[in-house]
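Hi there,

Here is the structure I promised to pass along. Have a look at it first, and my notes on what turned up follow below.

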Amino acid sequence: MTDTYNPQEIEPRWQATWERDGLYRSRVDWSKPKHYALTMLPYPSGDLHIGHWFAMTPSDARARYMRMKGYNVLFPMGFDAFGLPAENAAIQRNIHPAKWTYANIERMRGQLRSMGAMFDWEREAVSCEPSYYKWTEWFFKKFYEAGLAYRGEAMVNWSPTLQTVLANEQVIDGHDERTGQPVIQKMMTQWFFRYTRYADEMLDFSELDWPEPIKIMQTNWIGRSEGAQVVFKVDDTADEIRVYTTRPDTLWGATFMVLAPEHKLVDKITTPDQREAIDAYRQQAAGSTEIERTAEDRDKTGVFTGAYAINPVNDERIPIWIADYVMVTYGTGAIMAVPYGDQRDFDFARKFGLKIVPVVQPEGVEEVPTADNLTAAYTGAGVMINSGAINGTVHNGGKGRKSPAIAAAIDYLQANGIGQESVNYRLRDWLVSRQRYWGSPIPMIHRADGTLETVPDDQLPVELPRDVEFTPSGRSPLTYYEPFLNATDSAGDPARRETDTMDTFMCSSWYWYRYLSPQYDAAPFDPEEAAYWLPVDVYTGGAEHATMHLLYARWFNKAMRDLGMFDEAAQIMRQNGRDPEGLFDEPMMLLRNQGQVLGAERPGDYILATGRYEGDKLFADHVRVVDGPNDVPAGFEGVFGEIRKRTENVLQVDMTGVRRIVEVVEGATVEIPDIEGKNDVNQLRHHLEIMRMSKSRGNVVNPDELVGQYGADTVRAYLMFAFDWEKGGPWDPNGIKGVVNWLNDVWQIAMTTAPTTSGDPNVNRDVERKVHQAIDSVQSSLERFSFNTAIAALMALRNNLQAFIKGGGIGEAAWRDAMSIMLRLMSPITPHITEELWHRLGFADSAHGSVHQQAWPVYDADKAREDSVTLVVMVNGKPRGEAQVAPDISEEEATQIALTNSDAQRFINGNQPKKIIFIRGRKGQEPKVNIVV
RNA sequence: GGGGCAGUGGUGGAAUGGUAUACACGGCGGUCUUAAAAACCGCUUCCUUCGGGAUUGUGGGUUCGAAUCCCACCUGCCUCACCA
């Protein structure tokens, strides 16, 4: 043992001790309240990065705090181990995905241990283990049997260069993220889950303490809208076109129809003379990339089919077109076009010379709109015109039946059998199949007659064959590996195994259930464990999962509930006196998102700017980026220096310590040698520019190196201290010094300042007061996930103790109490140094040897109370004077003191107070009196 | 284009109706040293005629009192996006 703080010696020693003693093992104990703390599991990409530390160590601190508060805490960890990067490694470097994955997991386990987190490693779950994906397959099978999973046709992302389908998350801005090649949309038969089955229930967040933005994003993603379906007959045929509209009130203004190019009826209704044009257009639409189809301000395109439909409300014969601005995936894939009331339809009508009929008289406008005078569609409120039966009703701008005109239109449609009220969702069914090897197999068999059957339970899991070969084509080896491909159906006839595997989001949609009992083999989870631990109390992770993982998780949980998978757990709950009502409706009750740690700031461009001065400000007509101060020509007249900040065209330039303002004028010449082509002011980079970490940018912060240099406690504390956790921000390598000093000071105080006398009672009381004020701040901060203020309060306590020690008079008992409480308050944040000092100061007894087995200090408001506080005297809301008073001063007394306060009287200036407001000194705040004159 | 979040010293940030700038980084001055680093002590929102005045992106409003609540705008980030 050394006498200076040496984290490199302390930390591995305690980590080994905790593991040996099973300190963080969590077991069902119905005599204690439970707390299931969960943090998102990592993908085993090879190395733990600083983002993992930022996500996990504060979550660990919160879980540790809950444990000290008396909860039985479960805080598990695992790996989301299936996925494409492993398969890429196989294709590119000829390493088997399993080998790559397990090597990474092994490496990351070690790195995770270096955090000193209280993970219960006996609960570890790895999604690519057959014992895990057996149950992923089992869920698929149960969902299939319940009609929640089905095989159907859908538009998917197809990469022509790779000759394979790609997942949505692999397509970024219309390009395949791996090769950068464009992706097109293609109809293919795939496996889906009935996502919309729970759409309405998933819109209900009333039981959830989740961040507001996540709830809003999910609501928008589900995209519920209210309207009507209307049936149009195709003229001279028996065919019908069904459309969905949110504005059935504008039906009288529907002057043409548009079908998606992929709509099933297109082929059938196209007239011979239009056939060629239609086929060409459909061909082109199918071959166009996502980029081309969604490009902004793209001109409307489309082709007339030659066919006509009959508008059911006025029997008008209206042309049927096809156009790619109508999506086959939304609504019915066909629209009634109302150019008067919809900008897209308006643009289309203008381009192709189609008829426009005004149907809403805008509010507050006298003149009647005419088609010829319109420059844009009118979407606002008004009175219905040219609208037959609903003429004169009011469209108030509200959605659905909230608008009288829409309500009237729906009633009319239903009364006349033309259509009915309808709810539509933006949400599409969840496409779960992938044409890949490294994923959970789909336990289905294609029989020779084309029918499907499930793999029997006793044959689960369908295991991934290990001895397969990967070819550069990227095609899944499952599709050509005969031993896997060839199966036998239930009748004993030869059949073909399903070669698609499941989306990895499927694996991560139930992992917190597997943590309950990763070894259990009778079911996905042990109902005894589930009854005690479920639901998850606190879930932490990145907000980027808002509409994917977090929505899948909710759907999965509801499907499991409805299939009775929690029934047994509910029964056990009841036996233990816990009411299961509502506990299985949602998987995670409370959610918090951490922000992102970004790369360090980089220096701004060094520029030379010339132009015309107006005072100190330079209006630059020429800005040139140079390498640095050495490139300033002798006798240069303009502004030179580093750009510290840029707001549009105004630069703040650091000119050897002096801040100069440079406004880059319209049409100025900007020269940036590193950026080819014509440069502009927006390309000038400034000091505060921040960015994601990446190897190519050379701004990656390596946690292993930081731990080697400073120790895990310092890295943990710095990550919690340097940012607002829910925001994140750019990494600042200098700030860590404050945390280093803090822990060194704490070590110093604990090891060298123990008094031996009983001390001065007044000082002892002051110490006790500061300690209890710290309990209150740290506790309320940790409750709110406000880690930075918890550490600030602990640093302030350090400052106070240092001052008391310097001033002298602390007694032995007061000092030991202060140490005991301070170490316990710090222990969730910095578990190693506090454990070491806890032992060195002799606080450890044999029964509860660890600081991490101690109870959280109990806050005592009486002990935290000040003897006297500052009364703030305000005149007209501005602080003018002060007086020392008792904290529980009465209003009369305070008013009296305030009115006679000499500083205040100068501002009252002999005037008669109009009003006097007394603000009682609430917790931590001074009493105030505001005198209004 | 729709939706959301944010804007506070040189920097990270604190304060969610009651003394704006807690806690830290950086900076400045000092002590110690041949010197530097470290350590320690002090100062550090801006202006000031030293009385005070101004200040939380901008402009309005509510209130005895606004960083905080309301309205409009500006800027940045996130997200969805020809969604009928």
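This is a predicted model: local features need pLDDT of at least 70, side-chain atom pairs count only at pLDDT 80 or more; totals for chains, interfaces and linings use all residues.

Phe785 is buried, with a relative accessible area of 4%. The residue sits in the loop between H22 and H23, and its phi is near 60°, a positive value in a residue other than glycine.

Asp315 belongs to the loop between strand S13 (303-310) and strand S14 (317-322). Is Asp315 buried or exposed? With a relative accessible area of 59%, Asp315 is exposed.

On the peptide bonds, two are worth a look on your screen. The bond from Leu460 to Pro461 is cis, with omega near 0°, and Pro461 lies in the loop between strand S23 (452-454) and helix H13 (482-485). Leu534 and Pro535 are joined by a cis peptide bond as well, with omega about -5°. Pro535 is in the loop between H16 and S27.

Now to confidence. Chain A has an average pLDDT of 88, and 89% of the residues score at least 70. The model's scores are ipTM 0.95 and pTM 0.89.

Next, the charged side chains. Side chains of opposite charge can pair when their charged atoms come close. How many salt bridges does a search of the whole structure find? The search gives 51.

- Glu783 and Arg62 form a salt bridge, with their closest N and O atoms 3.9 Å apart. This pair links distant parts of the chain, 721 residues apart: Glu783 is in helix H22 (residues 761-783) and Arg62 is in helix H2 (residues 50-68). Glu783 counts as partly exposed at 38% relative accessibility, whereas Arg62 is buried at 8%.

- Glu529 and Arg123 meet through their side chains in a salt bridge of 2.9 Å, N to O. Here too distant parts of the chain are linked, 406 residues apart, with Glu529 in helix H16 (residues 527-533) and Arg123 in the loop between helix H4 (97-113) and strand S4 (125-126). Glu529 counts as buried at 17% relative accessibility, and Arg123 counts as buried at 7%.

- Arg798 forms a salt bridge with Asp745, and the closest N and O atoms are 2.8 Å apart. The two are 53 residues apart and link distant parts of the chain, Arg798 in helix H23 (residues 787-807) and Asp745 in helix H21 (residues 736-752). Arg798 is buried, with a relative accessible area of 9%, while Asp745 counts as partly exposed at 22%.

- A network of salt bridges links Glu201, Arg554, Lys558, Arg561, Asp562, Asp585 and Glu586.

Which residues line the second largest cavity? They are His35, Ala37, Leu38, Ser59, Arg62, Ala63, Phe75, Val538 and Thr540. Strand S1 (34-39), H2 and strand S27 (536-542) are the elements that each give two or more residues to this lining. By class, the lining has 5 nonpolar, 3 polar and 1 charged residues.

One last item is Thr17, which lies in helix H1 (residues 7-21). Thr17 is buried, with a relative accessible area of 15%. Between Thr17 and Asp579 there are 39 Å in space, C-alpha to C-alpha, and the two are 562 residues apart in sequence.

Best wishes, and happy browsing!

Notes: Residues are numbered from 1 along each chain as its sequence is written. Chains are lettered from A and ligands numbered from 1 in the order in which they are written. Side-chain values use heavy atoms; hydrogens and water are left out. A salt bridge is a side-chain nitrogen of Lys or Arg within 4 Å of a carboxyl oxygen of Asp or Glu. Helices (H or I, at least four residues) and strands (E, at least two) are DSSP runs, numbered from the N terminus. Buried means under 20% relative accessible area, exposed over 50%, partly exposed in between (1.4 Å probe, protein chains only). On a 1 Å grid over the protein atoms alone, a cavity is a set of points where a 1.4 Å probe fits but cannot get out, and a pocket is an open set with protein on both sides within 12 Å along at least five of seven lines; lining residues have an atom within 4 Å of a point. Ala, Val, Leu, Ile, Met, Phe, Trp, Tyr, Cys and Pro count as nonpolar, Asp, Glu, Lys and Arg as charged, and the others, Gly among them, as polar. pLDDT is the predictor's confidence in each residue, from 0 to 100.
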